[in-house]
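Here are my notes on the model you sent over.

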Amino acid sequence: MSVVAGAMIGAIRWYQRRISPLFGPCCKYYPSCSHYAVTAVARFGALRGGVLAALRLLRCRPWSIGGIDDVPRQFSLFYRFSWSKAHEEPRLTPLNYDLNDEETSTERSNRSDHHDASVHSAPSSL
């Protein structure tokens, strides 16, 4: 990964930690625009990933429908158009591209199982 791509991802991560929590979950697309941008820059580099991220932000407008919009597997500006050689249909279920960023459901359930087992009920004083 280039220095520029690393800086872009660092800036997006800063936004995710500092600014995004102030507004709460409000993205109509899955994954969110910031997660899409991180994935695009990590997969295609600063220039091409940045272009895909900018186009995604332009698609996020009040009258858009939203839905699942994954980063394409092959770089193409026209991957959503049926006439494109790199055409990809939107998936019905999201793909988990980066397991380091997201906890899997198994990890969440294991953590909650350990937490539930370690919590002792207080004896009643009645």
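1. The largest nonpolar core is made of 8 residues: Ala5, Ile9, Ile12, Ala37, Val38, Val41, Ala46 and Ala53. A nonpolar core here is a set of buried Ala, Val, Leu, Ile, Met, Phe, Trp, Tyr and Cys residues joined through side-chain atoms within 4.5 Å, and buried means under 20% relative accessible area, with exposed over 50% and partly exposed in between (1.4 Å probe, protein chains only). Helices α1 (3–18) and α3 each put in at least two residues, and α3 gives the largest share, 5 residues. Another core, of 6 residues, lies apart from this one and includes Ala40, Phe44, Val71 and Tyr79.

2. Some ground rules before going on. This is a predicted model, with local features needing pLDDT of at least 70 and side-chain atom pairs counted only at pLDDT 80 or more, while totals for chains, interfaces and linings use all residues. Residues are numbered from 1 along each chain as its sequence is written, and side-chain values use heavy atoms, with hydrogens and water left out.

3. Now the overall layout. The protein chain has 4 helices and 2 strands, in the order α-α-β-α-β-α along the sequence. Helices (H or I, at least four residues) and strands (E, at least two) are DSSP runs, numbered from the N terminus. Of the 126 residues in the protein chain, 25% are buried.

4. How many salt bridges does the structure hold? There are 2, counting a side-chain nitrogen of Lys or Arg within 4 Å of a carboxyl oxygen of Asp or Glu. In one of them, aspartate 69 meets arginine 56 at 3.7 Å, N to O. That pair links distant parts of the chain, 13 residues apart: aspartate 69 is in the loop between β2 (67–68) and α4 (105–118), and arginine 56 is in helix α3. Both aspartate 69 and arginine 56 are buried.

5. Aspartate 69 also forms a salt bridge with arginine 59, where the closest N and O atoms are 2.5 Å apart. Arginine 59 sits in helix α3 and aspartate 69 in the loop between β2 and α4, so this pair ties together parts that are 10 residues apart in sequence. Through shared partners, the salt bridges join Arg56, Arg59 and Asp69 into one network.

6. Next, the aromatics. A search of the whole structure turns up 1 aromatic pair: phenylalanine 44 with phenylalanine 75, edge-to-face, at 5.7 Å centre to centre and 65° between the planes. For the cut-offs, rings of Phe, Tyr and Trp (its six-membered ring) pair if their centres lie within 6.5 Å, and planes under 30 degrees apart count as stacked, over 60 as edge-to-face and the rest as tilted. Phenylalanine 44 lies in helix α3 and phenylalanine 75 in the loop between β2 and α4, so the pair ties together parts that are 31 residues apart in sequence. Phenylalanine 44 is buried, at 16% relative accessible area, while phenylalanine 75 is partly exposed at 28%.

7. Take a look at the peptide bond between tyrosine 30 and proline 31: it is cis, with omega at about -5°. Proline 31 is placed in the loop between β1 (29–30) and α3 (33–59).

8. Helices α1, α2 (20–23) and α3 each supply at least two lining residues, and the largest share, 6 residues, comes from α3.

9. Last, the start of the chain. Methionine 1 lies in the segment before α1 and counts as exposed at 74% relative accessibility. Methionine 1 and phenylalanine 44 are 43 residues apart in sequence and 9.4 Å apart in space, C-alpha to C-alpha.
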